[in-house]
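Hello,

Here is the model I promised to pass on. Please have a look at it first, and my notes follow below.

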Amino acid sequence: MKPTDTTEPEYFHKVVDCQYGCPAHTPVPEYIRLIAAGRYTDAYMVNWESNVFPGVLGRTCDRPCEPVCRRGRVDEEPVAICRLKRVAADNKDDVAHLIPKAPLSRNGKRIALIGGGPASLTVARDLAPLGYDIDLYDDQPLGGGFMRSQIPVFRLPPEVLNEEVDFILDMGVNQHFNTYVDSLKRILDQGYDAVFVGTGAPRGSDLDLPGRAECDKYIHVGIDWLGSVAFDHIDKIGKRVLVLGGGNTAMDCCRTARRIGGDDVKVVVRSEFARMKASPWEIEDAAAEDIPIINNHVPKEFVHEDGVLKGMVFTVVDVLYDDDGTRRLEPTGEEVFFEADEVLIAIGQDNAFPWIERDIGIEFGKWDMPVLDQTTFQSTLDKVFFGGDAALGPENIITAVAQGHEAATSIDLFLNGGDVQARPAPGVTLLSQKMGVHEWSYDSTVSIDDRFAVPHAAKDAALKDRRVEVELGFDREVAYQEAERCLNCDIQTVFSPPKCIECDACVDICPTDCINFVVNDDEPALRNSLRVPARNTSQDLYVSTTLQQTGRVMVKDENVCLHCGLCAERCPTGAWDMQQFLYSVTKAGSPCNQKRP
Amino acid sequence: MTYVKPMFRHPDAPVNGLGHTRQVYEGGLSTLCAGCGHDSISAAIIDACFELSIEPHRVAKLSGIGCSSKTPAYFLSGSHSFNSVHGRMPSVATGANLANRDLIYIGVSGDGDTASIGLGQFSHVVRRNLNMTYLVENNGCYGLTKGQDSATMDSGSRNKKGDLNQYSPIDLARLAIEIGATFVGRSFSGDKQQLIPLIKAAISHRGFALLDVVSPCVTFNNHADSTKSYEHMRQVNAPMPVDFVPMREEITASYDAGNTCEVCMHDGSVVRLYKHDNDYDIEDRQSALQAAHHYASEGKILTGLLYIERDSEELHDVLDTSRRPLNSMDEKQLCPGSRLLDSINAGLR
């Protein structure tokens, strides 16, 4: 194998599994250390800089970081990254003075943001402080988009959302709420220099089955219904409720229904349990509120009498897989009837752009989605950019934020005569953490604690009032202990071959047998020749240049390195060093991409 | 030394015939200097015992005084251990072995502990062919007392201060062959590929097995003018690769038979050695001495299994002792009574 080029930023970035897995590449270990140090405000600002909504995400994030957390590969469970983020938000001091404001003199460029959700707000956050004049349009009375209308208040208290939305609006964004944009052409006619579309995926899928039209009154599309509850248009539901669908919206629907009158709430899912799209912890929370989840039941018809819904008939199926892995739902012949007063349909959501004229230069492709450059988020009309669910289909908040950053960078480049394809390089620092003999600037000791559980509000109280937040968050003491479970994967093991005397001290001390000195070969052969063969091919091998004394190479399997620093501790010559790798995605306005005077 | 070794191990870490991972064979965290060759030897002992599927409680570790003699604390924490007086480990080993012949005895000593203060004891334990592995961690200096020249320091080598050693060295391997050792190996802490199978062979050998292992002292004897540095050792090492094939494994690989010799140990396992020279017979004392001497005269160090005598009589055979360890006998067997004592005494008059 060729020697690893550690000057390529993505190499060490990949070692920080959580940060690499996060769409916005939030420097997770960095803020977890700050939480452990009790520096909650600093931890919050590290988050805010990267993901814009730490308080919201600390409660609602899909947590792509946790399944990839290195701790999960050596311990039972990953670090509770998401809940630690919340600790930073819950315990921070007043941060208003740390939030940038729009400059007094603007740069004369006007940008329209359509939609007031996380993607648009991120674009505003990145561009307002640079002096752009920003008009934000949304049909809701308040900002936040689906964070407000779809996430129930018992998971996300409005004050948390309001604070973080207001940080951005208060920068000096021109707000046009309660304003439904029904024509992109008219927006463009107003002479904006750029337009960003962040309108989400607003159309909930319906279910066209016998009886659907006859009892329309009792059947609701999940996301619309959640929005109506959020804005207090609906405050009750029948006693017996069926929720159709296996995603997170279904979980939010059933738990909301449980709080506003639903005593007998069931979730009915077409597929098997293992294939449900809902996050495991949301399924657990629903189950904890006595909501049964019934799998392998395909809806057949709505049953009604005199225009009143009585229930639904389902076909029970077996899930079969063909040899090529294709899934089939094979009816068993059995049919089941469940009584119901109301039904919530939460089987998916789609994009809809009825308000974008098809003759203004924006091309639409497959599934009637806009044709976009996947990196720049620029549409075929060069001044129109997309982001969030509106861009590439329904994802989640953190993805919307990441795309918002990218789109903002594109807009900034575009409006300053730059090439939107010439993406600015990330900011990277690599700094030794050695403080003295046996002394590192990070807590290198590896905690053996199991993952700590987040306390919940008493079930009775929570079910009585939908405004009672269910998860209570870690207190500071538990947060410290959970933070100590972090393996500090951003503190990199950096190897300098000329200093190595091949004494094997690092090989002998490494608790997880990561380090090897072997004769170089191609990658599959090298992976096999290691002390513990490196079977996890998603994790890289760190290969040194040829060593002086024996002509071998150092090969480190990054897979289960604990970043404990013992290799550097036991290295007599300093050939190993522990260096903090800080990777920050370059955002709009970075000095790297300035062409403006 | 405030650091601790994390509890986590590789989830795919291999297990041996007993179902143990290497972790079972580990010891405390070393307090020797970072980069010390002794730590590599400890790691090699861990690997050897792991690979041989030895139950840790069937091992007794013995040592004298010195950096080397601290190391039994850093491997096999589940084994019996005795850290004895300077140079007197052979006596303690002899006593322990006579009392319980069922244990595996691993003695760890250094060049000071063996070639200076303990040379007398060493010579006699070799002569007596005590069934044990005697491992010398040889760094040519007294590292624990700031690096003075030891008796194994090569003439012509300079110490860290730059002073030339003018005395001739004691070559423990050649001495042991000369005075009757039945298994003599030499190796280098920086060559685990050779060292681990050699340790396994030494443990499997019935009788006294000496392993003289060059183990650089990173702090006091790893400089440019030293003949026991990592770099020098890698330049002058003439390694004979060693394989150890346990009895239950079939020998499948085929090698150039001309320079390969296979030795079947008493327990049925096989040591395979790849020699540089076909005339060299490792079961012939003269041949072994000549080979070691020949390489030394060319400024090289021959490493590998230098000499082996199979089917020798170890101390228990010579003394015709009981086949059972003393701790398995009851009081009546251990103290047969004054009448028997009287008759023994009468026989000596």
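I began with strand 22 of chain A, which is covered on both faces: A:Val553, A:Val555 and A:Asp557 are buried on one side, A:Met554 and A:Lys556 on the other. Buried here means that 20 or more other C-beta atoms, placed from the backbone, lie within 10 Å of the residue's own. Since five of the five residues of this strand (553–557) are buried, strand 22 of chain A is largely enclosed by the rest of the structure. Helices (H or I, at least four residues) and strands (E, at least two) are DSSP runs, numbered from the N terminus.

This is a predicted model, in which local features need pLDDT of at least 70 and side-chain atom pairs count only at pLDDT 80 or more, while totals for chains, interfaces and linings use all residues. Residues are numbered from 1 along each chain as its sequence is written, with chains lettered from A and ligands numbered from 1 in the order in which they are written.

Now to the partners of that strand. Strand 20 (residues 515–518) of chain A runs antiparallel to strand 22 of chain A, joined by four bridges; pairing requires at least two DSSP bridges. Here A:Ile515 stands opposite A:Lys556. Strand 21 (residues 541–543) of chain A also pairs with strand 22 of chain A in the antiparallel sense, over three bridges, and A:Leu541 faces A:Asp557 there.

As for the two chains, 28 residues of chain A are in contact with 26 residues of chain B (C-beta atoms, placed from the backbone, within 7 Å). Helix 22 of chain A gives the largest share of chain A's side, three residues.

Best wishes

Notes:
Buried ≥ 20, exposed ≤ 12 C-beta atoms within 10 Å, placed from the backbone.
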